[in-house]
Amino acid sequence: MIGGMRMDLEKSRYETYDELYDYCYRVAGTVGLMSAPVMGIDTQYKGPLDPVYRAALSLGTANQLTNILRDVGEDAQQRSRVYLPLDELARFGISPGEVLEGTLARAPGQVDPRWAAFMRFQIERTRAVFSEAEGGIRQLSRDARWPVWSALILYRQILDAIEANGYDNFTRRAYVPKWRKLATLPSALVLAQAPWKTIASPGKGILAMDESNATCGKRLEGIGLENTVENRQTYRELLVTTPGLGEYISGLDGLDVRCGEYYRAGARFAKWRSVVSIPSGPTPLAVRDCAYGLARYAALAQSAGLVPIVEPEILLDGEHDIDRTLEVASAVWAETFKYLADNNVLFEGILLKPSMVTPGADSGNPAAPEVVADYTLRLLRRRVPPAVPGIMFLSGGQSELEATLNLNAMNQSPNPWHVSFSYARALQNSVLRTWKGEEANFEAAQKALIKRAAANSTAQRGQYDPANESEEAAKGMYEKGYTY
């Protein structure tokens, strides 16, 4: 930190972003590092501390980068300093002299197009650094999370204010009015208390078992059991009483549209599923209807204090290739996030449960896990804001092995979101085949569930090894025209 203060006395220019980042690390990132142990770590968090400290470093650094972008004009005109990467200025055709002279602001709120492009680049990168900090906040002690979330949101709003000023940080100062600061406090409190923190944790996913009676009945019929209340109850008891399941699976409460009543009854999550069929079109109207319904549900759920799980499913049915799936999914996700924003849904307080990007089940050209990962992550980067904390993929008819391999391939490098699973069939198929409705197989079926849960937990960390998988795990589960 003291070294960073000395830099203020000795340096007034920074050749590269790496040099500037080092300065921000010294003067502000170190504050985050020192603050984390003072605030304390959540007692329920059992993971490594390194990601928490990296996140604290990112928050301090992002705050300082925001200060720099806000104070460009003041630093230049009052201190003759340019705290901007000179090589990046040159890339946008801007000289340090233009920054010092303030000639890039042609009139209040009107800046040179080169400066606007440069600032857009800087702001987006700074927002990405803020996103890196979010995971660490979720692991802080409960009392510390609210003020830290508040600080993060308020500093992000400074970036919004720079944009609202037309990127003019020479003649206009970006600030957040007091009323808006106060208005952010409830949102920060929701984030501090949000139960999705337990889901979006390393190695954790969701066991999707909120099927309708009809869907559960189809699974029971597959092992020769009648669809009765007793059989459904026994099977679900088998799942939820499996010893050690909580190491790999997070809890999920299902609920109806009566969000307020269910919140008071103890529910904290909701899920709404909309489906799109590629062979059926889809028409632009169908895409908009799907997206708008999801957005309205999410807004209503959040207003009642629930965390909405948003599920825009692209069905596997069809002979189309993977590029067509990407095209349709891109349109669906674009509309979904547009309407989520229009309905003032807080992105930090939702979970996304989408399909992976795969070829149609009848295409005759299955894609390797690396290809599925490439297409799916490409879609995520294009459409999903990094503020969304968790992407919980559905399996959608893939075999158990396919679903796990594809998830593992997506976690071979860091992602701005928690990329995990919310599988039903891809967790339960082996369980059903082992159980067969026989009491003597109860414990063996629970062991099969643990095996699948553990496999997907390691895949969420990018460490899955399929060497010990059975042939049963590779059997496809796709059913053409499947209905729920």
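These are my notebook entries on a predicted model of one chain.

**Entry 1. Ground rules**

I number residues from 1 along the chain as its sequence is written. Because the model is predicted, I take local features only at pLDDT of at least 70 and side-chain atom pairs only at pLDDT 80 or more, while totals for chains, interfaces and linings use all residues, and side-chain values use heavy atoms, with hydrogens and water left out.

**Entry 2. Confidence**

I looked up pLDDT, the predictor's confidence in each residue, from 0 to 100. The chain has a mean of 86, and 93% of its residues reach 70 or more. Among the elements, I found the lowest mean pLDDT, 57, in helix 10 (residues 196-199), and the highest, 96, in helix 16 (residues 369-383). Over residues 252-257 the pLDDT is below 50, and I note 14 contacts in the model for this stretch beyond near neighbours in sequence. Contact here means heavy atoms within 4.5 Å. Helices (H or I, at least four residues) and strands (E, at least two) are DSSP runs, numbered from the N terminus.

**Entry 3. Domains**

I took the bounds from an automatic or database domain assignment. The assignment gives domain 1 (1-193), domain 2 (197-251) and domain 3 (253-474). Taken over C-alpha atoms, the centres of domain 1 and domain 2 are 44 Å apart.

**Entry 4. Strands 7 and 8**

I checked how strand 7 and strand 8 pair, and the sense is parallel, over eight bridges. Pairing requires that DSSP find at least two bridges between two strands. Lys 271 has Ile 309 in strand 8 as its bridge partner. From strand 7 the chain passes through helix 14 (residues 284-303) to strand 8, and this β-α-β crossover is right-handed. Right-handed means that, with the strands pointing away from the viewer, the path from the first strand over the helix to the second runs clockwise.

Which residue forms a salt bridge with Glu 311? I found Arg 273, with the closest N and O atoms 3.8 Å apart. The rule for a salt bridge is a side-chain nitrogen of Lys or Arg within 4 Å of a carboxyl oxygen of Asp or Glu. The pair links distant parts of the chain, with Glu 311 in strand 8 (residues 307-314) and Arg 273 in strand 7 (residues 269-276), 38 residues apart. For accessibility I use buried for under 20% relative accessible area, exposed for over 50% and partly exposed in between (1.4 Å probe, protein chains only). Glu 311 is buried at 3%, whereas Arg 273 is partly exposed at 29%.

**Entry 5. Other salt bridges**

I get a count of 24 salt bridges by this rule. Arg 324 bridges to Glu 327, with the closest N and O atoms 3.1 Å apart. Both lie in helix 15 (residues 322-342), three residues apart, about one turn of the helix. Arg 324 is partly exposed at 28%, and Glu 327 is partly exposed at 49%.

The second pair is Arg 378 with Asp 374, at 2.6 Å, N to O. These residues are four apart in helix 16, so about one helical turn separates them. I read 25% relative accessibility for Arg 378 and 40% for Asp 374.

I also noted a network of salt bridges linking Arg 70, Asp 71, Glu 74, Asp 75, Arg 79 and Arg 173.

**Entry 6. Two glutamates**

Is Glu 319 buried or exposed? It is exposed, with a relative accessible area of 67%. I place Glu 319 in the loop between strand 8 and helix 15. Leaving aside neighbours within four places in sequence, Glu 319 contacts Asp 362 and Ser 363.

Glu 469 sits in the segment after helix 19 (442-460) and counts as buried at 17%. Its contacts, not counting residues up to four places away in sequence, are Leu 401, Lys 451, Arg 452, Ala 455 and Tyr 464. Glu 469 and Lys 451 are 9.5 Å apart, C-alpha to C-alpha.

**Entry 7. Positive phi**

I found a phi near 55° at Ser 80, a residue other than glycine. Ser 80 lies in the loop between helix 4 (72-79) and strand 2 (82-85) and is partly exposed at 43%. Lys 436 also has a positive phi, about 55°. Lys 436 is in the loop between helix 18 (425-435) and helix 19, partly exposed at 48%.
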